[in-house]
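I opened a new notebook page for this structure.

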Amino acid sequence: MQERISGFQNSRNNKVVFILSICVSLFWLIGKNTNVYRFAVTGALFEIIWLPMLILLVALPVLALILFWKDRFNLRSLTIYSALILLASLSVGILSNK
């Protein structure tokens, strides 16, 4: 007889928010630590997508906390970890002097 343990399952929205938060954090950390204007293509790409990334940097933590509340504050939810990733990215971006 096989027993199935019913655990918490992250929704599709939680996974999307988590993946987007990783992408946004990587974008800002790469932009902060490398010369994106060394090549014209990378500079143009950076200039095109910096505004959507800035909006996501502000909107994703709010969305993550709303989804965390909807998940009834379950620590297995990916949304709290995405908010922590974005918070770490913001603090590194603000506190570094480079």
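**Entry 1: Thr-79**

The model is predicted, so I am reading computed values throughout.

Next I looked up where Thr-79 sits. Its place is in helix H3. Thr-79 is in contact with Asn-14, Ala-64, Leu-67, Phe-68 and Asp-71.

I also checked one distance. Thr-79 and Val-58 are 21 residues apart along the chain. Their C-alpha atoms are separated by 14 Å.

**Entry 2: H2 against H3**

How do the axes of H2 and H3 cross? They come within 8 Å and cross at roughly 150°. Angles over 145 degrees count as roughly antiparallel, so H2 is roughly antiparallel to H3. I noted the hand of this crossing as left-handed.

Then I wrote down who meets whom. H2 brings Leu-57, Leu-60, Pro-61, Ala-64, Leu-67 and Phe-68. H3 brings Thr-79, Ile-80, Ser-82, Ala-83, Leu-86 and Leu-90.

**Entry 3: Leu-84**

I stayed in helix H3, where Leu-84 lies. Its relative accessibility is 46%. Leu-84 and Leu-95 are 11 residues apart along the chain, and their C-alpha atoms are separated by 16 Å.

**Entry 4: H1 against H2**

I moved on to the other helix pair. The axes of H1 and H2 are 9 Å apart, and the packing angle is about 135°. That angle makes H1 oblique to H2. The crossing of H1 and H2 is left-handed.

On the H1 side I found residues including Asn-13, Val-17, Val-24, Phe-27 and Gly-31. On the H2 side they include Phe-46, Trp-50, Met-53, Leu-60 and Leu-67.

Not counting residues up to four places away in sequence, Val-17 touches Leu-60, Leu-63, Ala-64, Leu-67 and Ser-82.

Ser-25 also lies in helix H1. With a relative accessible area of 6%, Ser-25 is buried. I listed what Ser-25 touches, again leaving out residues up to four places away: Ile-85, Leu-86 and Ser-89.

**Entry 5: the nonpolar core**

How many residues make up the largest nonpolar core? I found 12 in all. Among them are Val-17, Val-24, Phe-27, Val-36, Phe-46 and Met-53. Leu-57, Leu-60, Ala-64, Leu-67, Ala-83 and Leu-86 belong to it as well.

Which helices supply this core? H1, H2 and helix H3 (78-95) each give at least two residues. The largest share is six residues, and it comes from H2.

**Entry 6: aromatic rings**

I reminded myself that a pair of aromatic rings is described by the distance of the centres and the angle of the planes. The structure holds five aromatic pairs. One of them is Phe-27 with Phe-46: 4.8 Å centre to centre, 15° between the planes, stacked.

Why does this pair tie together parts that are 19 residues apart in sequence? Phe-27 lies in helix H1 (residues 12-33), while Phe-46 lies in helix H2 (residues 40-70). Both Phe-27 and Phe-46 are buried.

I then looked at Phe-68 and Phe-73. Their ring centres are 5.5 Å apart and their planes stand at 85°, so this pair is edge-to-face. Phe-68 has 10% relative accessibility and counts as buried.

I also noted one aromatic cluster, formed by Phe-27, Trp-28, Tyr-37 and Phe-46.

**Entry 7: the loop between H2 and H3**

My last stop was the backbone of two loop residues. Arg-72 is found in the loop between H2 and H3. Its phi is positive, about 60°, although Arg-72 is not a glycine. At 74% relative accessibility, Arg-72 counts as exposed.

Phe-73 has its place in the loop between H2 and H3. Phi of Phe-73 is near 55°, a positive value in a residue other than glycine.

Terms used
Residues numbered from 1 in each chain as written. Predicted model: local features only at pLDDT ≥ 70, side-chain atom pairs only at ≥ 80, totals over all residues. Heavy atoms only, no water. Phe/Tyr/Trp six-rings, centres within 6.5 Å; stacked < 30°, edge-to-face > 60°. Helix = DSSP H or I, 4+ residues; strand = E, 2+ residues; numbered from the N terminus. Buried < 20%, exposed > 50% of the residue type's maximum accessible area, 1.4 Å probe, protein only. Core = buried A, V, L, I, M, F, W, Y, C linked by side-chain atoms within 4.5 Å. Contact = heavy atoms within 4.5 Å. Axes fitted to C-alpha atoms, helices over the stretch in contact; angles between N-to-C directions. Parallel < 35°, antiparallel > 145°, perpendicular 65-115°, else oblique. Left-handed = near helix turned anticlockwise from the far one by under 90°.
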